[in-house]
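Dear colleague, please find below my remarks on the structure that you asked me to look over. They are set out as numbered points, to be read beside the sequence and the coordinates.

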Amino acid sequence: MKHSTCEQCSTPANEAMRLPRRFGRALIWLYRHTLSPLVGYNCRHLPTCSVYGDEAIERFGLWAGGWMTLARLLRCNPFGTSGIDNVPLAAPKAARWYLPWRYGRWRGVNGS
């Protein structure tokens with residue numbers, strides 16, 4: 001049985017809406033299998049930044065998940081945060097598509 005809100009339904013329109021999400025996840029997959037082994041596995045967070053980005057884009061789409069990933073990458077520096085930092089289960093209440101910086105957690109980990 002197909003529903004208009006069902007994520008599992010594979011209608012052509014639903015598949016077309018998922019193309020940007022798949023493109024973003026493909027870029028992360030490409031990074032993991034080409035550049036990441038050369039750079040080394042030394043992320044300051046768990047899960048790693050590429051796993052975080054993949055999960056954020058899968059959960060929230062390329063636009064919101066991309067901004068969440070950008071915020072995470074900017075926090076992952078020698079003077080930034082470290083530790084366990086999971087993708088939020090829900091988008092921030094103040095986030096809007098036209099205010100994309102509100103999707104990201106720019107300081108702290110896991111809401112701190």
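1. Overall architecture. The model is a predicted one. The protein contains 4 helices and 2 strands, and read from the N terminus the elements follow the order α-α-α-β-α-β. Its C-alpha trace extends over about 50 × 35 × 25 Å along the principal axes.

2. The chain has 112 residues, of which 33% count as buried. Among contacts with a separation of 6 or more, 67% are made by residues 24 or more positions apart.

3. How many disulfides does the model contain? The count comes to 0. A disulfide is a covalent bond between the sulfur atoms of two cysteines, and the cut-off applied here is 2.5 Å between the sulfur atoms. Cys43 is in no disulfide, and its nearest cysteine sulfur, in Cys49, lies 3.3 Å away. For Cys76 the closest cysteine sulfur is also that of Cys49, and because the separation is 3.7 Å, the two are too far apart for a bond.

4. Exposure of the cysteines. Cys43 has a relative accessibility of 30% and therefore counts as partly exposed. Cys76 is likewise partly exposed, at 22%. Cys49, by contrast, is buried, because its relative accessibility is 11%, and the limit for burial is under 20%.

5. Surroundings of Cys49. This residue belongs to helix α4. Apart from neighbours within four places in sequence, Cys49 is in contact with Cys43, Arg72, Leu73 and Cys76.

6. The largest pocket. Its volume is about 430 Å³. The lining consists of 16 residues, and those closest to the centre are Tyr31, Cys43, Thr48, Cys49 and Ser50. Two or more lining residues come from each of α2 (19-33), α3 (35-39) and α4 (49-75). Which element gives the most to the lining? It is α4, with 5 residues. By residue class, the lining comprises 8 nonpolar, 7 polar and 1 charged.

7. The cis peptide bond. Most peptide bonds are trans. The bond from Leu46 to Pro47, however, is cis in this model, with omega near -5°. Pro47 is placed in the loop between β1 (45-46) and α4.

8. The largest nonpolar core. This core is made up of 8 residues: Tyr52, Ala56, Phe60, Ala64, Met68, Val87, Ala95 and Tyr103. Ala95, one of its members, is in contact with Arg102 and Tyr103 once neighbours within four places in sequence are set aside.

9. Is Asp54 buried or exposed? Asp54 lies in helix α4 and is buried, because its relative accessibility is 14%. Not counting residues up to four places away in sequence, Asp54 touches Arg25, Ile28 and Arg32. Arg75 is also found in helix α4, and with a relative accessibility of 3% it therefore counts as buried. Leaving aside neighbours within four places, the contacts of Arg75 are His45, Tyr52, Gly80, Thr81, Asp85, Arg105, Trp106, Arg107, Gly108 and Val109. Tyr52, which belongs to the largest nonpolar core, is among these contacts of Arg75.

10. The loop between α2 and α3. Thr34 is located here. At 40% relative accessibility, Thr34 is classed as partly exposed. Thr34 and Pro100 are 66 residues apart in sequence, and their C-alpha atoms are 29 Å apart in space.

Conventions:
Residues numbered from 1 in each chain as written. Predicted model: local features only at pLDDT ≥ 70, side-chain atom pairs only at ≥ 80, totals over all residues. Heavy atoms only, no water. 1 Å grid on protein atoms, 1.4 Å probe; cavity = no way out; pocket = protein on both sides within 12 Å on 5 of 7 lines; lining within 4 Å. Points joined across faces, edges and corners; volume = space filled by probe spheres on them. Nonpolar A, V, L, I, M, F, W, Y, C, P; charged D, E, K, R; others polar. Buried < 20%, exposed > 50% of the residue type's maximum accessible area, 1.4 Å probe, protein only. Core = buried A, V, L, I, M, F, W, Y, C linked by side-chain atoms within 4.5 Å. Contact = heavy atoms within 4.5 Å.
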